[in-house]
Amino acid sequence: MVKNPIDVLRRYHQEFGDTFRFFLGGLKEAIVTIDPAIVQHVLKTNHENYQKSDIQVKRMGHFLGKGLLTTHGEAWKTQRRLIQKGFSPKQLDALSAIMQDSLSDSLRIFDSKIQDGPVDIYPHMMEITFSMVARSLFGARLKAEDIDLVSKTICTVQEFIVKQTLQPYLNPVFEVSGELKKHEMMRVRADAVLMSYIQKRRSEEPGDDLLQTLMDARYADGEGMPDELILSESMQLLVAGHETSSNSLSWLLYLLSSRPEILERMRQEFDTVLGDRPLSHGDVPKLEYSTQVVQESLRLYPPFWMIDRIAMADDQVGDTFIAAGSTVIVHVYGAHHAPAHWPNADEFDPERFVKGSDKLRTPFTYFPFGGGPRGCIGLHYAMLQILMILGEVLRKYEFTVAPDQSIEPRAMVILRPKHGIRMTFNVAEPVTCGA
Ligand code: HEM
């Protein structure tokens with residue numbers, strides 16, 4: 001199960017059905033489900049009874065402080081309402097220019113990296129999306145070396161949190177050996193860098209970025225957010241907003257590399273809708289086919305392959321009893337590959353998402369961004385970001401997967417390519433008249 005949960009859970013679903021129970025560590029009951037009625041109940045209808053697990057709230061909270069990812073109840077609700085404004089269509093339009101500039105800078109670096117043969121696209125996509133989210137948050141003037149420091153800190157701290165979670169018996173060792181302290185100090189350094197941007201902004205002209213939204217937000221009593229909270233909310237948006245998008249971009253490029261007809265149709269769509277101008281949020285609805293392709297790739301490879309919750313009180317959904325204290329594992333990957341809802345489920349077929357198809361689909365059979373009130377706050381930002389990067393990469397380069405590359409998903413917190421995805425990129429020749 002730890003090594004390959006995807007395969008094990010697939011076999012269990014075949015044997016025991018859409019919902020089954022097992023005992024975590026032989027003690028605590030866990031319910032794994034792909035049943036749309038139970039998923040809807042847990043994530044949406046009765047979401048107040050289902051809180052995020054200790055891993056997210058305690059372990060992440062230790063390093064990331066208070067914020068959307070690590071709070072519950074009224075505190076979460078108030079913050080969510082305020083931060084939501086930063087993702088409004090108007091704000092996304094304003095962010096598009098910062099995002100595009102960040103992409104142009106990142107692609108200049110990428111160009112120098114692809115000269116010497118195949119590169120693993122996973123870390124490169126991470127770099128591109130991290131810079132983009134960081135600049136969307138802290139503005140175009142965020143320095144490259146600061147982006148680098150914060151990105152390395154987040155990456156290292158996240159790996160440490162996973163270690164703490166998978167090997168909890170080592171936590172006393174981490175304390176004595178200084179490992180814990182080392183990671184805490186990294187976080188302190190990154191905090192200081194970001195805090196300097198927050199404090200500088202207090203005496204500068206307002207910006208068009210998410211930092212400004214956080215600084216302008218007002219609670220019901222007219223008070224603004226304290227700087228410490230702005231800092232921890234920003235850190236959490238950085239954490240939540242970069243690896244998910246880069247992950248899905250990596251899987252997309254891999255899928256597209258063997259489907260020239262889909263690639264060509266997307267290139268044509270980007271050319272028709274944009275010509276030579278950069279993408280902005282208002283263009284997204286016009287990129288109908290490319291959006292279908294992104295949706296289908298998020299079905300096949302949902303970055304969050306499962307969502308876990310703890311039941312606060314006893315509950316009943318249909319004939320399924322959920323005892324207080326049990327863990328509910330909403331198995332996103334399993335739901336997205338369920339033969340009952342997705343014929344030829346393992347096949348990459350963007351036609352499944354043709355306009356209007358969502359009306360025919362059973363609710364909660366497709367939910368890469370989660371669902372209910374705690375669903376992804378960055379959904380529209382993510383779609384804009386993915387399409388923007390994809391539009392540039394597809395039209396600028398020809399790309400193929402390296403011949404000896406084996407592809408296998410590895411389900412950690414996020415569904416990563418186990419062996420990376422090494423690809424060769426060549427700058428595409430411009431098409432000339434009569435060619
Ligand atoms: C393809 C890209 C993305 C995917 C697949 C994705 C997926 C998800 C999912 C499944 C959840 C719900 C987790 C749960 O219920 O426990 C979530 C929550 C969240 N996402 Fe995303 N996400 C993506 C991109 C982003 C971006 C770009 C941002 C921000 C810039 C972001 C910020 C957040 C935040 C803050 C939450 C927590 C919301 C809350 O608890 O109120 N995500 N995301």
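Q: Which helices do the buried residues of H9 pack against?
A: The buried residues of H9 pack against H6, H7 (144-166), H10 (210-216) and H11. Two residues are in contact here if their C-beta atoms, placed from the backbone, lie within 7 Å. Helices (H or I, at least four residues) and strands (E, at least two) are DSSP runs, numbered from the N terminus.

Q: Before I go on, what sort of model is this?
A: This is a predicted model, where local features need pLDDT of at least 70, side-chain atom pairs count only at pLDDT 80 or more, and totals for chains, interfaces and linings use all residues. Residues are numbered from 1 along each chain as its sequence is written.

Q: OK, back to H9: which of its residues are buried?
A: They are His183, Ala190, Leu194 and Arg201. Buried means 20 or more other C-beta atoms within 10 Å of the residue's own, exposed means 12 or fewer, and partly exposed is in between, with C-beta atoms placed from the backbone.

Q: And how far does H9 reach from its first C-alpha to its last?
A: H9 covers residues 179-202, so 24 residues, and reaches 35 Å, close to the 34 Å expected at 1.5 Å a residue. The expected span is 1.5 Å times one less than the number of residues.

Q: What about H11, how many of its residues are buried?
A: 25 of its 31 residues are buried, so H11 is mostly covered. From first C-alpha to last, H11 reaches 45 Å, close to the 45 Å expected.

Q: Switching to the ligand: how many residues surround it, and which are the closest?
A: There are 25 residues around the ligand, and the closest are Gly241, Thr244, Gly370, Cys376 and Gly378. A residue is near a molecule or strand if its C-beta atom, placed from the backbone, lies within 6 Å of it.

Q: Which helices each supply at least two residues of that shell?
A: H11 (227-257) and H16 (379-396) do. H11 gives the most, with 7 residues.

Q: How do the shell residues divide into nonpolar, polar and charged?
A: It's 14 nonpolar, 8 polar and 3 charged. Ala, Val, Leu, Ile, Met, Phe, Trp, Tyr, Cys and Pro count as nonpolar, Asp, Glu, Lys and Arg as charged, and the others, Gly among them, as polar.

Q: Now the largest nonpolar core: which residues touch the most other members?
A: Ala134, Leu238 and Leu387, out of 97 residues in that core. H11 gives the most to this core, with 12 residues. A nonpolar core is a set of buried Ala, Val, Leu, Ile, Met, Phe, Trp, Tyr and Cys residues joined through C-beta atoms within 7 Å.

Q: What does leucine 238 touch?
A: Leaving out residues up to four places away in sequence, leucine 238 touches Val133, Ala134, Leu137, Val150 and Ile154.

Q: Zooming out, how many helices and strands does the chain have?
A: The chain comes to 16 helices and 12 strands. Its radius of gyration is 22 Å, close to the 22 Å that the globule rule gives for 435 residues, so it is as compact as a globular protein of that length. That radius is taken over C-alpha atoms, and the rule is 2.2 Å times the number of residues to the power 0.38. Along its principal axes the C-alpha trace spans about 70 × 55 × 45 Å.

Q: What share of the residues count as buried?
A: 37% of the 435 residues do. For contacts between residues at least 6 apart in sequence, 74% join residues at least 24 apart.

Q: Is phenylalanine 63 buried or exposed?
A: Phenylalanine 63 is buried, because 22 other C-beta atoms lie within 10 Å. It is found in H3 (residues 54-64).

Q: How far is phenylalanine 63 from glutamate 184?
A: They are 7.0 Å apart in space, C-alpha to C-alpha, and 121 residues apart in sequence.

Q: Last topic, phi: what is the phi of asparagine 344?
A: Asparagine 344 has a positive phi of about 45°, although it is not a glycine. Asparagine 344 sits in the loop between H14 (332-336) and H15 (357-360), and counts as exposed with 9 C-beta neighbours inside 10 Å.

Q: And phenylalanine 364, buried or exposed?
A: Phenylalanine 364 counts as buried, with 22 C-beta neighbours inside 10 Å. Its phi is positive too, about 65°, and its place is in the loop between H15 and H16.
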